[in-house]
Amino acid sequence: MKNKTTILNIILVLFTVVVVLTAVFLPEILLKKQADKKTAITTIAPEEYYLASATAIAIDASSKLTATDRINLISGTWESTFSECSISEAFLTEAEAVDLAKEQIEIFVENKSYPYSIKSSYKNWYSYETKVYSYKDATFNTYTAYLWEITFTKYDNSIIHTILMTESGTILDARVNENTYEAKSLLLSYNTSNVDIIFGNPVATINDEKIYAYHSKIYGIYPNVDLSSATIINAYSIVVRESSAISEKYIIYQYSTDTHYGIGIMPEQLLN
């Protein structure tokens, strides 16, 4: 009887050892086998992987566009498609865009080429509404520039400004319901000390400032900008140089309609 008990105990001990060893080593063996099996097989990555990668690349590339790159996409100098989009798609927040527009307009106000400041104060409080348009390059569909349309309305509804601005801070069009303003030349605003701020590019400079008779050629190229019945007050040709090798020519202009005064900028090559 004693021998039977001893044998049974030995069997139980051996069984326990086998169970413990199996629990310790079997998962590792199975995992290694499964890993070896997967690494030996070539499979096609799911479509979602490529879409996510392409989106990330496009966002990164778009965030690095220069001020002039953005103008070229928005103006159509580079072939592009545009649509209104969600504010969340843009790189700036709504608050950042509004503050930037106020700062940029102030440059023109200080040089008397724009009539009214939109910086808020006790007697100069403005509400605002915003829209954002995305412009994607039509060739590679990789680069996107965003155009902000911001409408500022004075608290008593007496003054309404509509600002079109790139995310670099370049004012492409600004108009206000004032048609009798005796403006100073825009060239006073686009001087060497201001141009890097206006274009949001620290290496930008201006040269070769000349007055041309472009009045009859300028037309509205931005959303909700109709210059078909506008009178062009002044138009100037400027060269914006980002580096020693890169330069862009633009027309800056002032205009009036029966109800509005405005300023704008467009690539010179669109008029050729």
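Mentor: Happy to! Helices (H or I, at least four residues) and strands (E, at least two) are DSSP runs, numbered from the N terminus. Just after H4, for instance, Lys112 has a positive phi of about 60 degrees. The model is predicted, so local features need pLDDT of at least 70 and side-chain atom pairs count only at pLDDT 80 or more, while totals for chains, interfaces and linings use all residues. Residues are numbered from 1 along each chain as its sequence is written, and side-chain values use heavy atoms, leaving out hydrogens and water.

Trainee: What makes Ile74 count as buried?

Mentor: Buried means under 20% relative accessible area, exposed over 50%, and partly exposed in between (1.4 Å probe, protein chains only). Ile74 has 3% relative accessibility, so Ile74 is buried. Ile74 belongs to helix H3 (residues 67-75).

Trainee: How do you know which way H4 runs relative to H5?

Mentor: Axes are lines fitted to C-alpha atoms, for helices over the stretch in contact (heavy atoms within 4.5 Å), and angles run from 0 to 180 degrees between N-to-C directions. Helix H4 (residues 94-110) and helix H5 (residues 192-199) pack at about 155 degrees, their axes 10 Å apart. Therefore H4 is roughly antiparallel to H5: under 35 degrees is roughly parallel, over 145 roughly antiparallel, 65 to 115 roughly perpendicular and the rest oblique.

Trainee: Which residues meet there?

Mentor: Gln104, Ile107 and Phe108 in H4 meet Asn194, Ile197 and Ile198 in H5.

Trainee: What span is expected for H4?

Mentor: The rule is 1.5 Å times one less than the number of residues. With 17 residues, H4 reaches 25 Å from first C-alpha to last, close to the expected 24 Å.
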